[in-house]
Amino acid sequence: MPKVILNGEEKEIPREMTVMELLEEIGVKFREIGLAVAINEEVVPKSEYTTRKVKEGDKVEVVQLVGGG
Amino acid sequence: MQDWEMLLQDDYLEIAGRKFKSRLIIGSGKFKDFQQTKEVLEASGAEIITVAVRRVNITDPTKENLLDYIDPNKYLILPNTAGCYTAEEAIKTAMMAREATGINWVKLEVIGDKKTLLPDMEETYRAAKFLVKEGFVVLPYVFDDPVYAKKFEDIGCAAVMPLAAPIGSGLGLQNPYNLIFIKEAVSVPVIVDAGIGSATDIPPVMELGVDGILTNTALAEAKDPIKMAVAMKYATITGRLAYLAGRMPKRTYAVPSSPTKGVPFKN
(Lines give C-alpha, C1' and ligand atoms only; values in the text may rest on other atoms or scores of the structure.)
Protein backbone atom coordinates (compact mmCIF):
# COMPACT_ATOMS: atom_id res chain seq x y z
CA MET A 1 0.00 0.00 0.00
CA PRO A 2 1.37 3.44 -0.90
CA LYS A 3 2.59 5.59 1.95
CA VAL A 4 2.07 9.33 1.79
CA ILE A 5 2.78 12.21 4.15
CA LEU A 6 -0.61 13.68 4.89
CA ASN A 7 -0.61 16.98 6.78
CA GLY A 8 2.81 16.20 8.17
CA GLU A 9 2.03 12.63 9.25
CA GLU A 10 2.74 9.34 7.54
CA LYS A 11 -0.36 7.58 6.27
CA GLU A 12 -0.97 4.41 4.31
CA ILE A 13 -3.61 4.62 1.63
CA PRO A 14 -5.21 1.51 0.09
CA ARG A 15 -3.96 2.32 -3.42
CA GLU A 16 -2.93 5.15 -5.65
CA MET A 17 -5.99 7.34 -5.83
CA THR A 18 -7.23 10.67 -7.09
CA VAL A 19 -7.36 13.70 -4.82
CA MET A 20 -11.15 13.42 -4.72
CA GLU A 21 -10.90 9.76 -3.67
CA LEU A 22 -8.36 10.65 -0.99
CA LEU A 23 -10.68 13.29 0.45
CA GLU A 24 -13.43 10.69 0.67
CA GLU A 25 -11.00 8.17 2.20
CA ILE A 26 -10.08 10.58 5.00
CA GLY A 27 -13.63 11.87 5.51
CA VAL A 28 -13.15 15.41 4.25
CA LYS A 29 -16.15 16.87 2.45
CA PHE A 30 -15.37 18.47 -0.90
CA ARG A 31 -16.29 22.14 -1.04
CA GLU A 32 -15.65 24.64 -3.79
CA ILE A 33 -14.94 27.41 -1.28
CA GLY A 34 -13.15 26.73 1.97
CA LEU A 35 -10.85 23.86 0.95
CA ALA A 36 -7.45 23.55 -0.75
CA VAL A 37 -5.04 20.70 -1.45
CA ALA A 38 -1.35 20.78 -2.30
CA ILE A 39 0.81 17.89 -3.45
CA ASN A 40 4.54 18.30 -2.93
CA GLU A 41 4.00 21.98 -2.15
CA GLU A 42 2.14 22.67 -5.41
CA VAL A 43 -1.51 23.71 -5.18
CA VAL A 44 -3.83 21.31 -7.00
CA PRO A 45 -6.64 23.21 -8.75
CA LYS A 46 -10.09 21.83 -7.93
CA SER A 47 -10.63 21.10 -11.63
CA GLU A 48 -7.93 18.41 -11.31
CA TYR A 49 -9.26 16.65 -8.19
CA THR A 50 -10.80 13.80 -10.17
CA THR A 51 -7.75 13.23 -12.38
CA ARG A 52 -4.69 14.08 -10.28
CA LYS A 53 -3.30 10.95 -8.55
CA VAL A 54 -1.77 10.80 -5.10
CA LYS A 55 1.27 8.51 -5.27
CA GLU A 56 3.78 6.78 -3.00
CA GLY A 57 5.90 9.29 -1.12
CA ASP A 58 3.76 12.33 -1.99
CA LYS A 59 3.56 15.10 0.56
CA VAL A 60 -0.09 16.06 0.71
CA GLU A 61 -1.51 19.09 2.48
CA VAL A 62 -5.27 19.41 2.98
CA VAL A 63 -6.31 22.77 4.40
CA GLN A 64 -9.50 24.61 5.22
CA LEU A 65 -10.44 28.14 6.19
CA VAL A 66 -10.77 28.65 9.92
CA GLY A 67 -11.30 31.60 12.24
CA GLY A 68 -8.37 34.00 12.26
CA GLY A 69 -7.53 37.66 12.59
CA MET B 1 -31.71 56.47 6.12
CA GLN B 2 -30.13 57.74 9.33
CA ASP B 3 -28.32 61.07 9.68
CA TRP B 4 -24.87 59.49 9.53
CA GLU B 5 -25.83 57.51 6.45
CA MET B 6 -26.84 60.73 4.70
CA LEU B 7 -23.57 62.39 5.64
CA LEU B 8 -21.48 59.41 4.57
CA GLN B 9 -23.44 58.36 1.52
CA ASP B 10 -20.59 59.07 -0.90
CA ASP B 11 -17.88 57.94 1.51
CA TYR B 12 -16.35 54.54 0.75
CA LEU B 13 -13.39 52.45 1.70
CA GLU B 14 -12.04 51.58 -1.73
CA ILE B 15 -9.47 48.81 -2.05
CA ALA B 16 -8.26 47.62 -5.45
CA GLY B 17 -11.30 49.14 -7.12
CA ARG B 18 -13.79 47.47 -4.79
CA LYS B 19 -15.94 49.79 -2.66
CA PHE B 20 -17.03 49.05 0.89
CA LYS B 21 -19.52 51.11 2.91
CA SER B 22 -18.09 49.97 6.22
CA ARG B 23 -14.60 51.02 7.27
CA LEU B 24 -14.55 48.33 9.94
CA ILE B 25 -13.00 44.97 9.12
CA ILE B 26 -13.26 42.15 11.60
CA GLY B 27 -11.24 39.01 12.23
CA SER B 28 -13.00 35.68 12.81
CA GLY B 29 -10.61 34.14 15.34
CA LYS B 30 -11.23 33.07 18.92
CA PHE B 31 -15.03 33.35 19.00
CA LYS B 32 -17.10 30.91 21.06
CA ASP B 33 -18.45 29.23 17.94
CA PHE B 34 -19.30 29.92 14.30
CA GLN B 35 -22.80 31.09 15.23
CA GLN B 36 -21.30 33.83 17.40
CA THR B 37 -18.87 34.75 14.63
CA LYS B 38 -21.82 35.21 12.29
CA GLU B 39 -23.80 37.30 14.78
CA VAL B 40 -20.80 39.53 15.53
CA LEU B 41 -20.17 40.03 11.83
CA GLU B 42 -23.77 41.07 11.23
CA ALA B 43 -23.83 43.37 14.28
CA SER B 44 -20.56 45.07 13.30
CA GLY B 45 -21.77 46.04 9.85
CA ALA B 46 -18.38 44.92 8.48
CA GLU B 47 -18.23 43.75 4.88
CA ILE B 48 -14.80 42.15 5.12
CA ILE B 49 -13.89 39.32 7.48
CA THR B 50 -10.46 37.76 7.78
CA VAL B 51 -9.84 34.03 8.05
CA ALA B 52 -6.83 31.77 8.50
CA VAL B 53 -5.69 28.76 6.47
CA ARG B 54 -5.06 25.65 8.55
CA ARG B 55 -4.58 21.91 8.09
CA VAL B 56 -7.74 19.82 8.32
CA ASN B 57 -7.57 17.64 11.40
CA ILE B 58 -7.43 14.24 9.72
CA THR B 59 -8.22 12.20 12.83
CA ASP B 60 -11.33 14.30 13.39
CA PRO B 61 -12.27 16.25 10.27
CA THR B 62 -14.63 18.89 11.56
CA LYS B 63 -18.01 18.57 9.95
CA GLU B 64 -18.85 22.20 10.67
CA ASN B 65 -17.12 24.79 8.58
CA LEU B 66 -16.89 28.56 8.97
CA LEU B 67 -18.06 28.89 5.38
CA ASP B 68 -21.40 27.31 6.35
CA TYR B 69 -22.02 30.45 8.42
CA ILE B 70 -20.56 33.24 6.29
CA ASP B 71 -21.83 33.80 2.78
CA PRO B 72 -18.89 34.54 0.46
CA ASN B 73 -21.29 36.27 -1.93
CA LYS B 74 -22.27 38.75 0.76
CA TYR B 75 -18.93 39.30 2.51
CA LEU B 76 -15.35 39.51 1.30
CA ILE B 77 -13.55 36.63 2.97
CA LEU B 78 -9.99 37.83 3.34
CA PRO B 79 -7.50 35.05 4.09
CA ASN B 80 -4.40 35.80 6.13
CA THR B 81 -0.98 34.20 6.30
CA ALA B 82 -0.86 34.27 10.09
CA GLY B 83 1.68 31.95 11.62
CA CYS B 84 4.18 32.38 8.77
CA TYR B 85 7.73 33.42 9.67
CA THR B 86 9.35 33.50 6.23
CA ALA B 87 8.42 34.91 2.83
CA GLU B 88 8.40 31.37 1.38
CA GLU B 89 5.91 30.08 3.98
CA ALA B 90 3.69 33.10 3.43
CA ILE B 91 3.77 32.70 -0.36
CA LYS B 92 2.82 29.02 -0.17
CA THR B 93 0.04 29.82 2.31
CA ALA B 94 -1.25 32.63 0.07
CA MET B 95 -1.37 30.20 -2.89
CA MET B 96 -3.42 27.77 -0.79
CA ALA B 97 -5.62 30.64 0.39
CA ARG B 98 -6.32 31.65 -3.20
CA GLU B 99 -7.43 28.13 -4.04
CA ALA B 100 -9.51 27.90 -0.86
CA THR B 101 -11.28 31.25 -1.20
CA GLY B 102 -11.49 31.49 -4.97
CA ILE B 103 -10.25 35.08 -4.80
CA ASN B 104 -6.76 36.52 -5.11
CA TRP B 105 -6.84 38.79 -2.03
CA VAL B 106 -4.49 38.17 0.85
CA LYS B 107 -3.79 39.83 4.17
CA LEU B 108 -0.08 39.21 4.20
CA GLU B 109 1.46 38.56 7.60
CA VAL B 110 5.05 37.50 8.09
CA ILE B 111 5.89 37.53 11.75
CA GLY B 112 9.40 38.13 13.03
CA ASP B 113 9.08 37.48 16.75
CA LYS B 114 6.86 35.07 18.71
CA LYS B 115 6.65 37.23 21.83
CA THR B 116 5.58 40.52 20.24
CA LEU B 117 4.20 39.12 16.96
CA LEU B 118 5.72 42.14 15.27
CA PRO B 119 6.13 41.81 11.51
CA ASP B 120 9.41 40.89 9.84
CA MET B 121 9.38 43.77 7.37
CA GLU B 122 12.12 42.39 5.13
CA GLU B 123 10.36 39.04 4.71
CA THR B 124 6.95 40.72 4.37
CA TYR B 125 8.38 42.95 1.64
CA ARG B 126 9.90 39.98 -0.26
CA ALA B 127 6.63 38.06 -0.08
CA ALA B 128 4.58 41.11 -1.09
CA LYS B 129 6.74 41.75 -4.13
CA PHE B 130 6.38 38.16 -5.30
CA LEU B 131 2.64 37.95 -4.66
CA VAL B 132 1.89 41.25 -6.42
CA LYS B 133 3.71 39.88 -9.50
CA GLU B 134 1.58 36.73 -9.22
CA GLY B 135 -1.52 38.90 -9.49
CA PHE B 136 -2.55 38.97 -5.85
CA VAL B 137 -4.29 41.90 -4.18
CA VAL B 138 -1.84 42.22 -1.30
CA LEU B 139 -2.71 43.90 1.99
CA PRO B 140 0.40 43.65 4.16
CA TYR B 141 0.39 43.80 7.96
CA VAL B 142 3.25 46.20 8.64
CA PHE B 143 5.03 48.08 11.35
CA ASP B 144 3.92 51.73 11.66
CA ASP B 145 6.88 52.78 9.54
CA PRO B 146 6.09 55.50 6.97
CA VAL B 147 9.22 54.78 4.92
CA TYR B 148 8.38 51.10 4.51
CA ALA B 149 4.69 51.90 3.93
CA LYS B 150 5.70 53.89 0.85
CA LYS B 151 7.89 51.00 -0.35
CA PHE B 152 4.93 48.62 -0.09
CA GLU B 153 2.81 51.03 -2.10
CA ASP B 154 5.55 51.39 -4.70
CA ILE B 155 5.67 47.63 -5.37
CA GLY B 156 1.91 47.55 -5.93
CA CYS B 157 0.29 46.63 -2.63
CA ALA B 158 -3.43 47.50 -2.60
CA ALA B 159 -3.34 48.87 0.95
CA VAL B 160 -1.04 48.99 3.95
CA MET B 161 -2.07 47.70 7.36
CA PRO B 162 0.06 49.26 10.07
CA LEU B 163 -0.40 48.22 13.69
CA ALA B 164 -1.73 50.49 16.42
CA ALA B 165 -0.10 48.18 19.00
CA PRO B 166 0.96 44.49 19.01
CA ILE B 167 -1.57 41.84 17.89
CA GLY B 168 -3.94 40.85 20.71
CA SER B 169 -2.42 43.40 23.12
CA GLY B 170 -5.47 45.67 23.31
CA LEU B 171 -3.16 48.58 24.10
CA GLY B 172 -4.83 50.96 21.66
CA LEU B 173 -3.09 53.64 19.64
CA GLN B 174 0.58 53.96 20.65
CA ASN B 175 2.04 56.26 18.05
CA PRO B 176 -0.44 58.59 16.35
CA TYR B 177 2.33 60.56 14.62
CA ASN B 178 3.58 57.56 12.66
CA LEU B 179 0.07 56.87 11.39
CA ILE B 180 -0.26 60.51 10.33
CA PHE B 181 3.08 60.23 8.50
CA ILE B 182 1.97 57.00 6.82
CA LYS B 183 -1.28 58.59 5.71
CA GLU B 184 0.72 61.47 4.22
CA ALA B 185 3.24 59.13 2.57
CA VAL B 186 0.90 56.81 0.67
CA SER B 187 -2.22 57.13 -1.45
CA VAL B 188 -3.39 53.52 -1.03
CA PRO B 189 -5.78 52.90 1.88
CA VAL B 190 -4.25 52.78 5.35
CA ILE B 191 -6.05 50.21 7.49
CA VAL B 192 -5.00 50.09 11.10
CA ASP B 193 -4.62 46.46 12.06
CA ALA B 194 -3.92 45.14 15.54
CA GLY B 195 -3.89 46.70 18.98
CA ILE B 196 -7.48 47.95 19.31
CA GLY B 197 -8.70 47.03 22.79
CA SER B 198 -12.23 48.41 22.78
CA ALA B 199 -14.66 50.41 20.67
CA THR B 200 -13.46 53.56 22.45
CA ASP B 201 -9.96 53.08 20.99
CA ILE B 202 -11.33 53.44 17.48
CA PRO B 203 -12.46 57.09 17.13
CA PRO B 204 -9.03 58.62 17.95
CA VAL B 205 -7.47 56.38 15.30
CA MET B 206 -10.11 57.08 12.65
CA GLU B 207 -9.91 60.79 13.43
CA LEU B 208 -6.30 60.76 12.19
CA GLY B 209 -7.75 60.21 8.73
CA VAL B 210 -6.85 56.55 8.28
CA ASP B 211 -9.13 54.63 5.97
CA GLY B 212 -10.16 51.67 8.10
CA ILE B 213 -9.75 49.54 11.18
CA LEU B 214 -9.25 45.81 11.58
CA THR B 215 -9.98 44.20 14.92
CA ASN B 216 -10.50 40.70 16.23
CA THR B 217 -9.40 40.03 19.81
CA ALA B 218 -11.21 43.08 21.21
CA LEU B 219 -14.44 41.54 19.91
CA ALA B 220 -13.75 37.92 20.79
CA GLU B 221 -12.56 38.70 24.32
CA ALA B 222 -15.28 41.23 25.10
CA LYS B 223 -17.74 40.06 27.76
CA ASP B 224 -20.46 40.62 25.21
CA PRO B 225 -19.04 40.46 21.69
CA ILE B 226 -22.32 41.50 20.05
CA LYS B 227 -22.56 44.71 22.07
CA MET B 228 -18.90 45.41 21.36
CA ALA B 229 -19.52 44.86 17.65
CA VAL B 230 -22.32 47.42 17.64
CA ALA B 231 -20.18 49.85 19.65
CA MET B 232 -17.34 49.40 17.15
CA LYS B 233 -19.63 50.00 14.20
CA TYR B 234 -20.64 53.38 15.59
CA ALA B 235 -17.14 54.15 16.90
CA THR B 236 -15.79 53.77 13.37
CA ILE B 237 -18.54 56.01 12.01
CA THR B 238 -17.90 58.53 14.81
CA GLY B 239 -14.18 58.68 14.09
CA ARG B 240 -14.75 59.03 10.36
CA LEU B 241 -17.29 61.82 10.78
CA ALA B 242 -15.03 63.62 13.26
CA TYR B 243 -12.17 63.42 10.77
CA LEU B 244 -14.34 64.77 7.95
CA ALA B 245 -15.75 67.45 10.24
CA GLY B 246 -12.25 68.60 11.22
CA ARG B 247 -11.32 69.20 14.84
CA MET B 248 -10.59 72.60 16.40
CA PRO B 249 -6.97 73.51 17.15
CA LYS B 250 -5.59 72.49 20.54
CA ARG B 251 -4.64 75.44 22.80
CA THR B 252 -2.68 75.63 26.00
CA TYR B 253 -5.00 78.14 27.69
CA ALA B 254 -8.73 78.51 27.98
CA VAL B 255 -10.82 80.60 25.58
CA PRO B 256 -14.28 81.61 26.90
CA SER B 257 -17.27 80.34 24.98
CA SER B 258 -19.64 83.06 26.31
CA PRO B 259 -19.33 86.80 25.48
CA THR B 260 -16.85 88.58 27.74
CA LYS B 261 -18.73 91.90 27.38
CA GLY B 262 -21.98 92.71 29.14
CA VAL B 263 -21.50 90.49 32.16
CA PRO B 264 -24.12 91.70 34.74
CA PHE B 265 -23.14 93.45 38.00
CA LYS B 266 -19.70 94.36 36.65
CA ASN B 267 -18.50 97.93 36.72
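Predicted model: local features only at pLDDT ≥ 70, side-chain atom pairs only at ≥ 80, totals over all residues.
Let's start where chains A and B meet. Chain B brings 31 residues to the contact, and chain A brings 23. On the chain B side, β4 (48-55) and α3 (87-101) each supply at least two of the residues that touch chain A. Sorted by class, that side of chain B has 15 nonpolar, eleven polar and five charged residues. Strands take part here too: β7 of chain A, residues 59-67, pairs with β4(B) in the antiparallel sense, over five bridges. If you look along this pairing, you will find A:Leu65 opposite B:Val53.

Now follow α3(B) to its meeting with α4(B), the helix of residues 121-133. The two axes come within 8 Å and cross at roughly 40 degrees, so the helices are oblique to each other. Their crossing is right-handed. From α3(B), B:Ala87, B:Ala90, B:Ile91 and B:Ala94 meet a set of α4(B) residues that includes B:Ala127, B:Phe130 and B:Leu131. This helix contact has seven nonpolar residues, no polar ones and two charged ones.

Our last stop is B:Asp144, in the loop between β7 (137-142) and α5 (146-154) of chain B. Is this aspartate buried or exposed? B:Asp144 has 24 other C-beta atoms within 10 Å, and it takes 20 or more to count as buried, so B:Asp144 is buried. Beyond its neighbours within four places in sequence, B:Asp144 is in contact with residues including B:Pro162, B:Asn175 and B:Ile182. B:Thr260, by contrast, lies 45 Å from B:Asp144, C-alpha to C-alpha, with the two 116 residues apart in sequence.

Conventions: Residues numbered from 1 in each chain as written. Chains lettered and ligands numbered in written order. Contact = placed C-beta atoms within 7 Å. Helix = DSSP H or I, 4+ residues; strand = E, 2+ residues; numbered from the N terminus. Nonpolar A, V, L, I, M, F, W, Y, C, P; charged D, E, K, R; others polar. Pairing = 2+ DSSP bridges. Buried ≥ 20, exposed ≤ 12 C-beta atoms within 10 Å, placed from the backbone. Axes fitted to C-alpha atoms, helices over the stretch in contact; angles between N-to-C directions. Parallel < 35°, antiparallel > 145°, perpendicular 65-115°, else oblique. Left-handed = near helix turned anticlockwise from the far one by under 90°.
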